[in-house]
Amino acid sequence: MHITDLELTNFRKFSKFKLENLKLINVIIGKNGVGKTSIIESIYFGSIAKSFKSYYDDVLLKEKKSFFKIKIDLKKDNFNKKLEIIVNGKNKKAKKEGQLIKKLSDYICEYSVILFSPDDIRLIKDNPNTRRNYLNIELSNINKNYIKLINSYNKLIKNKNDYLKKVNLNFNLDRGYLDVLDEKIAEIGISICNYRKEYIENINKYINNIFKKFKREDTIKIEYISDFLDKNKDDIMHLLKKVRDKEISLGLTTTGIHRDDYEFIHNEKNAANYSSQGTQKLILLSLKLSEIKILDNEYKIKPILLLDDLFSELDETNQKRIMRLISKKYQTFITTTDLNNIKVKDLKDINVIKIREVKENERK
């Protein structure tokens with residue numbers, strides 16, 4: 001699966017912008033601030049209907065415009081696919097072959113992407129919510145049922161939090177409703193936990209060997225942390241009963257898979273606390289390369305790779321290592337301010353897209 005054409009309307013700085021006849025390797029070059037990352041962002045948004053730069057869709061809208069639109073033409077083997085996503089205020093619509101898709105969850109991940117970004121370092125340094133959100137997105141790449149489970153679980157937690165607050169104000173309220181909610185939270189939570197556990201186990205099949213290509217003597221693994229890990233429904237119901245009084249006093253659900261986390265264990269220590277920033281970047285690079293392997297080897301999905309200013313941070317040796325793993329196999333979009341930053345000599349038949357101004361681009 002690869003993108004042949006991309007068309008943007010009112011997206012970020014672009015009023016109208018179109019790229020046609022895209023190739024396997026596409027290098028987007030231009031000065032800072034001209035919209036290189038916005039092109040990468042639009043491809044990412046076209047896959048999962050979310051930005052990797054902002055939680056809010058309205059910041060993606062060109063100033064003084066009421067909507068933005070992303071159109072993507074895909075090709076796989078001998079068939080083509082036309083996708084379109086339109087955002088107008090809080091209203092988000094998606095189309096496939098010109099036909100409106102009723103549920104956005106049925107549109108998400110019509111094609112899969114793996115993003116390499118300087119902001120990836122947040123996965124190690126930020127709070128657990130950042131890591132959970134990332135894991136949810138990656139699992140959504142391979143399992144549309146997972147998206148539905150997460151949506152159902154989040155609704156249950158909202159309903160439970162609302163009722164906990166009511167019980168906190170009125171202790172005479174019937175608590176049987178909390179039993180019903182906890183039972184559903186346990187059932188759906190176990191499914192989500194199992195999906196997460198399996199995915200992290202798959203990452204650990206690859207990540208250490210990949211990391212050793214960068215740091216031969218070191219080790220890396222990911223450790224999954226969850227209240228529900230390796231527990232059955234009865235265990236979880238007992239756990240939720242045990243914390244109920246505390247949850248009522250706080251008006252908040254304190255136990256569940258919405259509190260999950262995972263740690264990057266470098267040489268048997270938490271990388272967040274003990275690894276240098278340079279090593280952390282190599283850990284994250286190894287993570288992304290592992291995810292490519294999972295999609296390709298485990299699920300027979302060839303993702304589209306988005307490399308946002310990656311090569312400026314790597315030496316020539318590590319650039320070559322990456323390109324050996326991805327070139328000629330996955331469609332790739334690379335942003336850079338200077339073509340000399342990309343020192344890999346064996347890049348052939350590449351599409352160089354020069355962004356001089358917001359409305360102007362040329363390809364050669």
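**Helix packing in a predicted model**

Good morning. The axes of helix α9 (residues 277–299) and helix α10 (residues 316–326) cross at roughly 10 degrees and come within 11 Å; axes here are lines fitted to C-alpha atoms, for helices over the stretch in contact, and angles run from 0 to 180 degrees between N-to-C directions. This is a predicted model, in which local features need pLDDT of at least 70 and side-chain atom pairs count only at pLDDT 80 or more, while totals for chains, interfaces and linings use all residues. Residues are numbered from 1 along each chain as its sequence is written, and side-chain values use heavy atoms, with hydrogens and water left out. Helices (H or I, at least four residues) are DSSP runs, numbered from the N terminus.

Helices α9 and α10 are therefore roughly parallel to each other, the word for angles under 35 degrees; over 145 is roughly antiparallel, 65 to 115 roughly perpendicular, and the rest oblique. Leu282, Leu285, Leu289, Ile292 and Lys293 of α9 meet Asn318, Ile322, Leu325 and Ile326 of α10, where contact means heavy atoms within 4.5 Å. By class, this contact has seven nonpolar, one polar and one charged residues. Ala, Val, Leu, Ile, Met, Phe, Trp, Tyr, Cys and Pro count as nonpolar, Asp, Glu, Lys and Arg as charged, and the others, Gly among them, as polar.

I turn to the second pair. Helix α3 (residues 128–140) packs with helix α4 (residues 144–169) at an angle of about 140 degrees, their axes 7 Å apart. These two helices are therefore oblique to each other. The contact joins Asn136, Leu139 and Ser140 of α3 to Tyr146, Ile147 and Ile150 of α4, and its residues divide into four nonpolar, two polar and no charged.

Helix α5 (residues 176–214) and helix α6 (residues 233–242) pack at about 135 degrees, with axes 10 Å apart. That makes α5 oblique to α6. Residues of this contact include Asp179 and Glu183 of α5 and Lys233 and Met237 of α6; the contact divides into six nonpolar, no polar and six charged.

Definitions and conventions
The expected span of a helix is 1.5 Å times one less than its number of residues.
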